[in-house]
Amino acid sequence: MDLVTFLQQIINSFSLGSMYALIAIGYTMVYGVLRLINFAHGDIMMVGVYFAFFAMSVFALPFGFAVIVAVGGAVVVGILIDKIAYKPLRKAPRISLLITAIGMSFFLENIVNVLYGSTPIAFSVPDFFSQTYDFSGVIVTPTVIIVPIVTLILMMGILYILYRTKYGMAIRALAFDVETVKLMGIDANKIIMLVFAVGSGLAAVGGVFWGINYPTIEPLMGVLIGLKAFAAAVLGGIGSVVGALLGGLILGFTEVLFVAFMPEYGGYKDAIAFIFLILVLLFRPAGIMGINFEKARF
Amino acid sequence: MSKIKTLQLMAIMLTILLMWLAQNHLDDYSLRILTTIAIFIILATSYNLINGITGQLSLEPNGFVAVGAYVTALLLISSDAKLDMYQLAEPSPWLLLLNTTLVPALFFSGVVSAILAFILAFPVFRVRGDYLAIVTLGFGFIIRVFAVNTPAVTNGAIGLNDIPSSVNLYWAGAFAMATVLIMLNIIYSKYGRGMKAVRDDEDAASAMGVNTFKIKTYAFMTSAFFEGVGGGLLAVFLTTISPDIFTFFLTFQLIIIIVLGGLGSMTGTIIGAFLVIGGGEWLRVLDEEVNFLGLHIDAHPGMRMVVFSVILIVVMIFAREGIMGKRELTDLFRRVKK
Amino acid sequence: MILHVDKITMQFGGIKAINELSFSIKDKEIYGLIGPNGAGKTTAFNVITGNYIPSSGSIKFENKDVVGVKPHKIVKLGIARTFQNIRLFKSMSVMDNILIGFDSAMHYTYLESILRLPRFFSEEKKSRQKAKEIMEYFGLLEFEHHKASELSYGNQRKVEIARAIATNPKLLLLDEPAAGMNPAETKELATLIKKAKDDFDISILLIEHDMKFVNHLCDRVLVLDYGKMIFEGKPSEAIKNEEVVSAYLGDFIHD
């Protein structure tokens, strides 16, 4: 393929990869502090997008405000889910927690289904995003620039919080040892709530970006994206925020380039995330960033 | 041992009697529900082996059920029917050669599923049990991707119809009984003990000589085998299958069944199957318009699912042992005896 | 020498939990591993049982190299253990817990259990018989069908030891077996362990903090401090040794 097309694909990859990264961060942080794969995470993203839709369709809010509603809504939903379903099970066996997360995921999908139906709905996006600029053959839309940049900024914000604030330190400590953190007088539950809030908010942003790029939404949209984002988090090293970014980008690149180079196998692109997952588990379970939670259990 | 044998014999004879009564006195609709329940008993009890008994959260059923369904369907549909049916692409030539009867077809369904399970087991059980859930979830999804994208084998999204129907309540019931008995035989053996030990404390289990990797793989492969067989039965029962039958919702229903019944109990699973499938039918009313005592409630498709998910969450938070906990029917008698 | 530990070092990141530890256990000996908390005792256990792979050094059990052998295989070679915080299989009965110990020696296949072929019945019968004998030995027969979690702490301890002995070990590792027991229970346990050593023909390596217990039971002890051995010899001499005393009390006894 020629340079122009190749560059086009690279640019698209960054966009897709950033969206995966934003959602992957939520998975990785929740796993870090709770050792829980939050199955409902992809659906929290979906709920966020529907919040935006709700804001725009019912209240006719401008897009910017709708995004704020999306993030706010997702944050609230994320915190509520933890409070209602996960917190009561802090001391329960892990399998109970996982099953509850699955139940939550299903609940969210079907509540939205009842409220909005299962037919895909058009997600109205301001014309600003559909402008195209032509750089000698390479088509660039505002989204393709905004998404990676916003993702990077948010990522740096998260890293700042994690490594330069006491809340972040508490989060990192929690990932290693819950009991000690409690002994130090920190309210572990509040920290966990913070983690859910941050993760859900980021997922909502990712979801809005998704809605801008692929402007139909439906209740099950979070399922596949969530699965892939989790694979990305594992690829990057579960528990690592930087890993989530790397994993997301790698997955994005691989998907886009795969379809570009082998369009006849396009239908299989969704299998790539799964293949990455298997490969990581086989050869480097700790992922790229190599965080290993397998501490002494004795 | 012989006390249990007597109990089992009695249970079998009772079931046969009930099936005969049902077959001769119930209407078609009820018979279909009962047959569905029987098939779900096969699926759920085998699912409980890896989930409840061995304690490894796996989301594999919809994948292996799909595999089993397609294998059986492809083995049963005659080559003429295949030539007619395939619309998106010419059927692969080797497919036209495949043709057999019900029992061998079901056996192959089980075997193919078990082999796939073996392949999956290696990357996952070697490392972290946590990942089993996501990998099996992805597996189920990938199976559907394959089903849709290989029209020469599976007829793509259209699916397969014209599957010769030979399954009635007796067949389904017989397979269900066989499955339950096999599960119980496994559980009450050193393998079952090993599985429970892995569930209760995996590190202590290996410290006592249990090869945890082998045990987990056995459980997983066994679950897969019977889920494949159940899938085959499902295909014959439905007479037409397509990729979108085997969504995660199938796994979800099985989760509710085993959780409600009790994660470590086969008896509980049977009860759970009756409750969920039977109750599901009853709850259909939620999806439709209701005129009740002058109140008119609009149709809300999807409300039934919402109720299901709420039930699951509530049970997990407040009654995670389910109805039977980890006990079987015989354990109840033993308690009373003391 | 049934167990020969040779210059074992276990490093976690920058920390050496055990530093060039060497010792040997004689056949039919009761050997104690003592030292202040965090000295590396349980780590040493975990290296012997195959849960950790040491950074350097070797371990020979009955003249076989056992470093790097997986835990469940170590059991087959003849080393069994108990845990500091009792780790019974909570949902299972006492009988089933002990049967697990026999399971790895039972020879019937998966298929044979599914089809309930004769070998299943004969093997199970044999093991259940042996399990009953062990339960009787430890005074646990009345709890045969009770769920393990329902037993008193002292009895749970006994079940754990019984379970370990069911694996037919030649070397038994006991991690703080007397933890959480009052003096009467401790004495009873010490007598039981000594008796079991003779009746089951095993050597014992144990970790303990209770010095009376150690004195009463152990033929020799090794004192660990910060992963290094600071004394090896008779328990009665350990107490008199200056280094040992200061390890436990801290250095402020000198000045």
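**View 1. In chain C, six strands line up as an open sheet in the order 6-7-8-3-9-10, with mixed pairing.** Strands here are DSSP runs of E with at least two residues, helices are runs of H or I with at least four, and both are numbered from the N terminus; two strands pair if DSSP finds at least two bridges between them. Strand 6 (79–81) and strand 10 (228–233) of chain C sit at the edges with a single partner strand each, so one side of each has no neighbour in the sheet. On average, neighbouring strands of this sheet are turned by 20 degrees against each other, direction ignored. This is a predicted model: local features need pLDDT of at least 70 and side-chain atom pairs count only at pLDDT 80 or more, while totals for chains, interfaces and linings use all residues. Residues are numbered from 1 along each chain as its sequence is written, and chains are lettered from A and ligands numbered from 1 in the order in which they are written.

**View 2. Strand 9 (residues 220–225) of chain C pairs with strand 10 of chain C in the antiparallel sense, over five bridges.** Look for C:Asp225, whose bridge partner in strand 10 is C:Lys228. Helix 1 (residues 41–48) of chain C packs on the sheet, touching strand 3 (30–34), strand 6, strand 7 (171–175), strand 8 (203–207) and strand 9 of chain C. Contact means that C-beta atoms, placed from the backbone, lie within 7 Å. The direction of helix 1 makes about 150 degrees with that of strand 7 of chain C; axes are lines fitted to C-alpha atoms, for helices over the stretch in contact, and angles run from 0 to 180 degrees between N-to-C directions.

**View 3. Helix 5 (residues 142–164) of chain A has buried residues that pack against helix 1 (3–34), strand 3 (138–140), helix 8 (188–213) and helix 10 (241–261) of chain A.** Those buried residues are A:Val144, A:Val147, A:Pro148, A:Thr151, A:Leu154, A:Met155 and A:Ile158. Buried means 20 or more other C-beta atoms within 10 Å of a residue's own, with C-beta atoms placed from the backbone.

**View 4. Chain B meets chain A through 34 residues from chain B and 32 residues from chain A.** On the chain B side, helix 6 (102–125), helix 7 (130–149), helix 13 (248–261) and helix 15 (303–318) give two or more residues each. Helix 7 of chain B brings the largest share, 12 residues. Chain B itself has 16 helices and two strands, and buried residues make up 53% of its 338 residues.

Conventions: The expected span of a helix is 1.5 Å times one less than its number of residues. A residue is buried if 20 or more other C-beta atoms lie within 10 Å of its own, exposed if 12 or fewer, and partly exposed in between; C-beta atoms are placed from the backbone. Two residues are in contact if their C-beta atoms, placed from the backbone, lie within 7 Å.
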